[in-house]
Amino acid sequence: VAGPLGSALSTRFGARPVAMVGGFLSGLGLFLGAFATHITHLYLSVGLLAGLGWALVFTPSLGTVGRYFPTRRALATGLVVSGASISGLALGPLVPLLLDTYGWRGALLLLAAISFNLVAAGALLRPLPVPCESQGTPRDRPGLARLLRHGPFLRYALAFVLVDAGYYVPFVHGAARAHEVGCDEHRAGLVMAAMAAVDGGGRVAAGWLAARPAAPILCHLFTWAVLTGLALLLLPLGTSFGGLLALAVAYGFCAGALVPLQFAGVAEVVGAGQLVHAIGLMQMFESFGSLLGAPFAGWLKDTTGNYTISFLAAGAFLLAGSLLILTLPGFFCISQGAGGKEGSPAPAPDGPEALPIPPEP
């Protein structure tokens, strides 16, 4: 929900200081959570403070990448967001080990130490100006308000509210589904690990394919959204360990492919000049779909007695979101990388070296 705040602050003060502050807040939230004596303390520290910090890191960082590589935005974004898959694979076995060795308080302290490294990572950001966009001018302030009246962007955001309502269901309920079909704890963990591993590969592969000029990014995005929805609809057919593992791998790859194209597609809809604002608003809108989807799937399981309807409903959400992408302007046009609509700037040469680097403060 704090995505728009991250975009507004990074427009006003620059991506580097905002990301550094966000890294500090995320580490501080985990650190304070280690001393909690009531669940409310965890809501405020790990939930509110650390969550705010991550929002202040994510939005400026991703917006900066989009500005560096206007003609290879999808590939650059795919490489960047694949880091989440790598950390997910590392933390999967690490967190249980920390819990067993140091308890939950010690585990939170060590995770806080890891998160404080975001301060150093944020310091390495080198934001570049987008052509025709001047930082700090009064017209920056109503940027979010303009997007709220931007019809194509609102349809794009609604598409991903629907997509996210189904997207996280296998990641949240996948292990329980594996137990439902007779898998033990080890095999259920293997299903989830395999899905997370191929997720990173899907992110890089989709970014690389979208860099080819044969089809617009929105067309790539629509294709992967449909494939992800179909893979989710097929998950109930996995009634054995082998079948569920194969379907989970297919879903993980397709789901990973959606991530870089989603953020690269924002620039196709609103233009590079409003990219940071648009990413922040996208995060806020998506949070509602992602927060509602997994509990709704759990309610369906409690009502029906199994996860079949849960996964079918989640797949239907994904397919409904993909249909909205078809309504966006420029869907059938060849992508130009920056792909601005409604007066967005023309695409700039590719690579950081092609744009002027502002002097260090």
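1. Let's start with Q274: its relative accessibility is 16%, so it counts as buried (buried is under 20% relative accessible area, exposed is over 50%, and partly exposed lies in between, using a 1.4 Å probe and protein chains only). Before going on, note that this is a predicted model, where local features need pLDDT of at least 70, side-chain atom pairs count only at pLDDT 80 or more, and totals for chains, interfaces and linings use all residues. Residues are numbered from 1 along each chain as its sequence is written, and side-chain values use heavy atoms, with hydrogens and water left out.

2. Where does Q274 sit? You'll find Q274 in the loop between α10 (241–270) and α11 (275–304); helices are DSSP runs of H or I, at least four residues, numbered from the N terminus. Setting aside neighbours within four places in sequence, Q274 touches G143, R146 and L147 (contact means heavy atoms within 4.5 Å).

3. On to charges: the whole structure has 2 salt bridges, meaning a side-chain nitrogen of Lys or Arg within 4 Å of a carboxyl oxygen of Asp or Glu.

4. E180 is partly exposed at 30%, while R177 is buried at 6%.

5. D199 and R203 also pair up in a salt bridge, with their closest N and O atoms 2.7 Å apart. Both belong to helix α8 (residues 185–210), 4 residues apart, which means about one helical turn between them. D199 is buried at 4% relative accessible area, and R203 is buried at 11%.

How values were computed
Helix = DSSP H or I, 4+ residues; strand = E, 2+ residues; numbered from the N terminus.
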